[in-house]
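Subject: Structure handover

Hello,

Please find the structure below, followed by notes on what was found in it.

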Amino acid sequence: MAFDCNKEGGVSSPENYSKVCTEGTLIQLNPVTHCGKAKSWKSLNRLNSQKPSYESVPGDSDPKQDGTSNEESASICGIRCFTDLPAALVCEVLARLDAKDLGIVSCVSTLLHTLATDHQGWKKFYCERWGLPNLPIALNGPSVPGGPSDGKTWKTFFVEREFRSKSFMGRFNADVLRGHNEDVRAVCLLASANLIFTGGRDSAVRMWNMEEGLLIDTSRSLGCTIRAIAADTRLLVTGGTNAFIQCWSAVEGNPFLFHISGSGTDQNSEFRLWGHEGPVTCLALDSQRIYSGSWDMTVRVWDRTQMKCVQKFMHADWVWGLAPHGNTVASTAGRDAYVWDIRNGELTSIISNAHDGNAYSLARTHLPSVLFTGGEDGAIRLFNVSDVSDDEDIKPAATWVPHSGPVHSLAFEYPWLVSASSDGRIALIDLRKLLTPKNSSKHPFSVKSFDASAIEPPQRMLHGFGRELFSIAIGADRIVCGGEDGAVRVWNFSEALEIEKRAQALKSLRQENRMRRKKAQVEMNANGRRPDQCSVAMKRNQPKGDKSVAWYSKRAINEKAKS
């Protein structure tokens, strides 16, 4: 679809008579209606009925003939431009582009900018990385749950989110939430509701305001150590050493969604799920199910409508972590990692000896075949289970060893993977270079093939706590972590980009002032004016090698004068 333009006069040669468009022809494209078709198809019929006769086109002709030829060439090329294709074909072509290429196309012309900006591919790009946003208004059509707000296009929404993802390399504000008396074993960040949930050895669940850092509510003592918390805008679940799952349903009209203290609320909003025979160590939610893992060596799947266990997956060791994705759920038990199909209850993949020691933590990306595990050996490993046969052992595609102690928790938000360890440090790993887009609608991303020795270390380390860290969460330009000292730490990167902009503006201003002063000095010297006294003193006392030579020479002269 590339057209060759002749800017010198639009004269077409016999070889490219049917391919060449003049510069004016490309600018004056036929207007496109709402359905994407050209308003007039007369020129198309003319093109179809016209037989190519390259020999009849002379190389040199009079101006009248040139004018006629240019008009015919313009009419021919007008219906052969990309935007005159049927709307379905244009959408299909744009859907084959990745985010970068689609952005480039939008810069070609005003018409392509409109087509590329309104294209639903931006929604696909956004949902592949971060899922549907938890907002009630959608774009480019009627209101649909899970769409962007404020009348923004999906392109604007995607660009803003992609830009904000760079904030974790900037400056941050650190806040400490104090309220727990003992170590904090579980944290959960519900960014859509501006809430943070924490729990630990003191047996109480606490709910915090994410923006202000204030304690909102505290549950009664559950009589056990809280080891796992999961929440969405409809349900809050916690699990601990008493083997039950404590649940709170959202209360209509409550600005903070949940009444976890239980005072003055409907008793039906708080209930428990029984079934495990050992401590509950991990929890997760999706729109239809509750997932729980326990030291009774099982992962249970609960139906959210009936609140009953509908699936149970047996393991050979204690279950430490789990992560659902679509119709599959991944889990770690002992040294191994598993991937289960929820629909038929079968084991689809197993990763044997993922770590030297227990695999304590697990995280999944927007790719269903990619797993991240953190283990007792302090390593973080990436596994790709899509391109492996049944008889082949799954080997790690990448390995990082940023910690000197066990990795207790992992969390992922594109493109950042964060980890918390018993060595008191947090590692931030940027995965943009490892996950590459494909030109396929079924499998839009893949793990890039690379040399294992060329793996970059974590892009950033947060340290200095001196105590073990047990749980971590990421979202809304924040990182939340809980540890042995009972404090909940929040790193706020939301102002990092604004701070960087101000710093760059000040740097540019200082550089501009220096150039202005230098230019004024050059003009003053060129006009033969007397330079200022500071410049004279500087020239007289120029240091040679050591900057303090002038000072010592003055000091020596003063001593001679005194003597």
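**Cysteines and other findings**

Cys309, at 32% relative accessibility, counts as partly exposed. The structure holds 0 disulfides, a disulfide being a pair of cysteine sulfur atoms within 2.5 Å.

Some notes on the basis of these values. This is a predicted model, in which local features need pLDDT of at least 70 and side-chain atom pairs count only at pLDDT 80 or more, while totals for chains, interfaces and linings use all residues. Residues are numbered from 1 along each chain as its sequence is written, and side-chain values use heavy atoms, with hydrogens and water left out.

**Helix packing**

Two packed helices are described by the angle between their axes and the distance between the axes. Helix 7 (residues 121–130) packs against helix 8 (residues 154–164) at an angle of about 35°, and their axes are 8 Å apart. Axes here are lines fitted to C-alpha atoms, for helices over the stretch in contact, and angles run from 0 to 180 degrees between N-to-C directions. Helices (H or I, at least four residues) and strands (E, at least two) are DSSP runs, numbered from the N terminus. The crossing of helix 7 and helix 8 is left-handed, that is, the near helix is turned anticlockwise from the far one by less than a right angle.

On the helix 7 side, the contact (heavy atoms within 4.5 Å) is made by Trp122, Lys123, Phe125, Tyr126, Arg129 and Trp130. Helix 8 contributes Trp154, Lys155, Phe157, Phe158, Arg161 and Glu162.

**Aromatic rings**

Rings of Phe, Tyr and Trp (its six-membered ring) pair if their centres lie within 6.5 Å; planes under 30 degrees apart count as stacked, over 60 as edge-to-face and the rest as tilted. By this rule there are 14 aromatic pairs.

One of them is the tilted pair of Phe244 and Trp274, with 5.1 Å centre to centre and 50° between the planes. Phe244 lies in the loop between strand 9 (235–240) and strand 10 (245–249), and Trp274 in the loop between strand 11 (270–273) and strand 12 (280–285), so the pair ties together parts that are 30 residues apart in sequence. Phe244 is buried at 4% relative accessibility, whereas Trp274 is exposed at 56%.

Trp295 and Trp318 form a stacked pair, because their ring centres are 4.3 Å apart and their planes are at 15°. Trp295 sits in the loop between strand 13 (289–294) and strand 14 (298–303) and Trp318 in the loop between strand 15 (308–314) and strand 16 (319–325), so this pair links parts that are 23 residues apart in sequence. Trp295 is partly exposed at 22%, and Trp318 is partly exposed at 39%.

Phe168, Phe172, Trp416 and Phe493 form one aromatic cluster.

**Backbone**

Most residues other than glycine have a negative phi, and most peptide bonds are trans. The peptide bond from Tyr414 to Pro415 is cis, with omega near 0°. Pro415 is in the loop between strand 24 (407–413) and strand 25 (416–421).

Leu257 is not a glycine, yet has a positive phi of about 70°. Leu257 lies in the loop between strand 10 and strand 11 and is buried, with a relative accessible area of 17%. Met307 also has a positive phi, near 55°.

Regards

Notes
Buried < 20%, exposed > 50% of the residue type's maximum accessible area, 1.4 Å probe, protein only.
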